[in-house]
Amino acid sequence: MRIVLGAILTLILAGCVTTNETVFTNKEVPDVALKRRVELARAYIGQGNWENAKRNLKLAADIDPNNAEVYEAFALVYQSTGEFEAAESNFRKALVLDKSLSRARNNFAAFLFGQQRFAEAEVELELVVRDTLYSGRPQAFTNLGLCRARLGKIEPAIEALERALTMELRNPLALLTLAQLYLEQRDYLNGQSYYSSYRKLVRTQPAAGLWTGIRLAKALQLQDEQASLELALQNLYPDSPEAKAMREQRTVQRPNGVGSSN
C-alpha cells in the first residue's frame, strides 16, 4: 500500500515576532528577557537563521537552564540543520523538564516520523491527543492517523483521521489520506466521498491527489472524471512517480496483439 503522506507537522513558530533585538535592556526582568529571547529565537528559526537562533537560545539558557521551551527550540534548530542526535537529545530534555508541553511532544513525534520511527511517534502522539486543552489537537490526530497508516493499522488510522475531521472539517491532509485508505480497502464510495471533499479545499492538487482521484474514478467507472484527472496529472507532473504509474497501468491494460489478425 502506497500512501503519500506529507510532513506531519507545521512547526508552531512565533510569526508575529520580529528580529529586532534593540528591545533588550540591562534592566530587563529575567522572566521577560527569557520569554523574549525564546520568541526571538523562534522567529530566527522561521527565517532559517540558525546561528542567531542558537545565540539567543544560549542567552535564554543562561537565564534559566531548566526551561523546557528553550530545549524544544534548540531541538528544532538541530533538526533543521540535520544534527539529529542533538535534536533528539534536546527534545527529550524538554519533555523531562515539562511532560505537559504538548507542542514539544508533537514536534518530537514529527521528528520521529521523519526518521521513520513510526511506532515511537505513535506513542508520543497518543499522549498528545489526550491533552484536551492543546490547540494543535486536530493536527495531532491527523499525525496519529498517518503514523498508524504507516504501521498498517488501517482501522485505527481511519478512526484517528475521522476524529481530526470532527475538530477541523477543512483538513486537506486528513481528507486525502482517508480517501487513500478507503481506496486501498476497496470501499470506493467512502473513498470518493472524502476525495470530493478534499478537491473542494485545494486549488491545485499534488500528484498524489490526482492519482488517488484517477483510481477512484476508474473503480467507479467515472470515465469523464478519470480522463480529466489523467490529463491534469500528465500535464502538471509528467515526471512524477504517480504519472509513471498511470502510464504503466495503461500499458498493462492495453490489449495484446492489437492490429493483428487472429
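This report describes the helices of a predicted model and some of the contacts between them.

## Overall make-up

The protein chain contains 13 helices and zero strands. Read along the sequence, the pattern is α-α-α-α-α-α-α-α-α-α-α-α-α.

Of the 262 residues in the protein chain, 45% are buried. Taking contacts between residues at least 6 apart in sequence, 53% join residues at least 24 apart.

## Helices H3 and H4

Two packed helices are described by the angle between their axes and the distance between the axes. Helix H3, residues 68-80, packs with helix H4, residues 84-97, at an angle of about 165°, and the axes are 8 Å apart. H3 is therefore roughly antiparallel to H4, since angles over 145 degrees are counted that way. The crossing of the pair is left-handed.

On the H3 side, the residues that meet H4 are Ala68, Tyr71, Glu72, Phe74, Ala75, Leu76, Tyr78 and Gln79. Their partners in H4 are Phe84, Ala86, Ala87, Asn90, Phe91, Lys93, Ala94 and Leu97. By class, this contact has 12 nonpolar, two polar and two charged residues.

## Helices H4 and H5

H4 also packs with H5, at an angle of about 155° and with the axes 10 Å apart. This makes H4 roughly antiparallel to H5. H4 passes H5 in a left-handed crossing.

From H4, the contact is made by Phe84, Ala87, Glu88, Phe91, Arg92 and Leu95. From H5, Ala104, Arg105, Asn107, Phe108 and Phe111 take part. Sorted by class, the contact of H4 with H5 has seven nonpolar, one polar and three charged residues. Phe84, Ala87 and Phe91 of H4 are listed in the contact with H3 and also in the contact with H5.

## Helix H7

Helix H7 covers residues 137-150. At 1.5 Å a residue, its 14 residues should span 20 Å, and its end C-alpha atoms are 20 Å apart, which agrees. Just after H7, Gly152 takes a positive phi of about 80°.

Of the 14 residues of H7, 12 are buried, so H7 is largely enclosed by the rest of the structure. Buried here means a relative accessible area under 20%. The buried residues are Arg137, Pro138, Ala140, Phe141, Thr142, Asn143, Leu144, Gly145, Leu146, Cys147, Arg148 and Ala149. What covers them includes helix H5 (102-114), helix H6 (118-128), helix H8 (154-167) and helix H9 (172-184).

Arg215 is found in helix H11, residues 207-219. Not counting residues up to four places away in sequence, Arg215 touches Leu183 and Glu184. Arg215 and Gln226 are 11 residues apart in sequence, and their C-alpha atoms are 7.8 Å apart in space.

Glu230 has its place in helix H12, residues 223-236. With a relative accessible area of 12%, Glu230 is buried, because that value falls under the 20% cut-off. Leaving aside its neighbours within four places in sequence, Glu230 is in contact with Ile214, Met246 and Arg250.

Technical notes. Residues numbered from 1 in each chain as written. Predicted model: local features only at pLDDT ≥ 70, side-chain atom pairs only at ≥ 80, totals over all residues. Heavy atoms only, no water. Axes fitted to C-alpha atoms, helices over the stretch in contact; angles between N-to-C directions. Helix = DSSP H or I, 4+ residues; strand = E, 2+ residues; numbered from the N terminus. Parallel < 35°, antiparallel > 145°, perpendicular 65-115°, else oblique. Left-handed = near helix turned anticlockwise from the far one by under 90°. Contact = heavy atoms within 4.5 Å. Nonpolar A, V, L, I, M, F, W, Y, C, P; charged D, E, K, R; others polar. Expected span 1.5 Å × (residues − 1). Buried < 20%, exposed > 50% of the residue type's maximum accessible area, 1.4 Å probe, protein only.
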